[in-house]
Amino acid sequence: MVRGLDGLRPALSDFLLQGTASARSQARGDLLFGAGLMAAAIVTSLLVLLSTSRSIVVPLRRFEHALERLRGGSREVPPVEVRGPAEIAAVSYAFRDILADVALLEAQAVAIAAGDLLDPVLAQTATMPIGRSLQQLASTLSRMGAQLKAREETAKAVLETAADAIWTIDSDALVRSANRATEDLLGWPASDVVGAHFGSLLATEGDMVVFELLRQQGSVRSEVQLRRANGTTIPALVSAAVTYFEGNLMVTVVARDISERKELEGRLAHQATHDTLTGLANRGAAI
């Protein structure tokens, strides 16, 4: 382009000053040559500008589409091609790393939400700080889960070895759980008691007042007659309290056999009103 301009200037001078036919012809040729070089330079510049623009704009559009899909909740984002200037290529590599981390973090979050703390995906390390936070969360949840399991096993052992029958009853008065002592108290296996109506364990319908008192007072302690599997009844001291689990009313009932106590009370009452040797009513009975 510079050569064309350098040749164009003397050609124009000769054309204007000398005005001869040969000079005009030479000047015309130089003029056309310079104009051609200028046009070629302009076209080349436009092509270079267009190529540079495409190498920048096309990757940016790919980034835009990928971000739109991410924002829409899609994780099926195709890999971004590494093309264009060094700066764009660096951004492409960084964006691909981010996509990989996002996919990993989502998989880890799904595993944590599902409670699958042994999922191998939780052992993978993401480059972003949130990845390390998720791993710490998974580790903490795993440790807490182990502690809760140990406590649950301890509570279960205590429950199963308790001498008293222990039941949990829902708001419909249905037995939801029963421990091993239930069989000793009622003669029914605990599995047969689960699902039964609490009223079916009571000897009389009047004893269901215990459940109604629970609804009003939240706790109750009373003596009731329980029905055993062989058709007999047994006196029991029932302690019950209302709790709430996940917003639902649950009742914990502890039932203790008081047959021996009742027999002892009966003997003591008989001795207080009857002669020990003759068995006849004494002065206290007459009074």
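Helices (H or I, at least four residues) and strands (E, at least two) are DSSP runs, numbered from the N terminus. This is a predicted model, in which local features need pLDDT of at least 70 and side-chain atom pairs count only at pLDDT 80 or more, while totals for chains, interfaces and linings use all residues. Residues are numbered from 1 along each chain as its sequence is written, and side-chain values use heavy atoms, with hydrogens and water left out.

**View 1. The order of helices and strands in the protein.** The protein contains 9 helices and 5 strands, and along the sequence these follow the pattern α-α-α-α-β-β-α-α-α-β-β-β-α-α. Of its 287 residues, 25% count as buried, where buried means under 20% relative accessible area with a 1.4 Å probe, protein chains only.

**View 2. The largest nonpolar core.** A nonpolar core is a set of buried Ala, Val, Leu, Ile, Met, Phe, Trp, Tyr and Cys residues joined through side-chain atoms within 4.5 Å. The largest one has 29 residues, and those with the most contacts inside it are Trp167, Ile169, Leu185, Phe198, Phe211, Leu226 and Val251. Among the elements that give two or more residues to this core are β1 (165–170), α7 (209–217) and β5 (248–257), whereas the largest share, 5 residues, comes from β4.

**View 3. The surroundings of Ile169.** If neighbours within four places in sequence are left aside, Ile169 is in contact (heavy atoms within 4.5 Å) with several residues, including Leu174, Phe198, Phe211, Met250 and Val253.

Conventions. Buried < 20%, exposed > 50% of the residue type's maximum accessible area, 1.4 Å probe, protein only.
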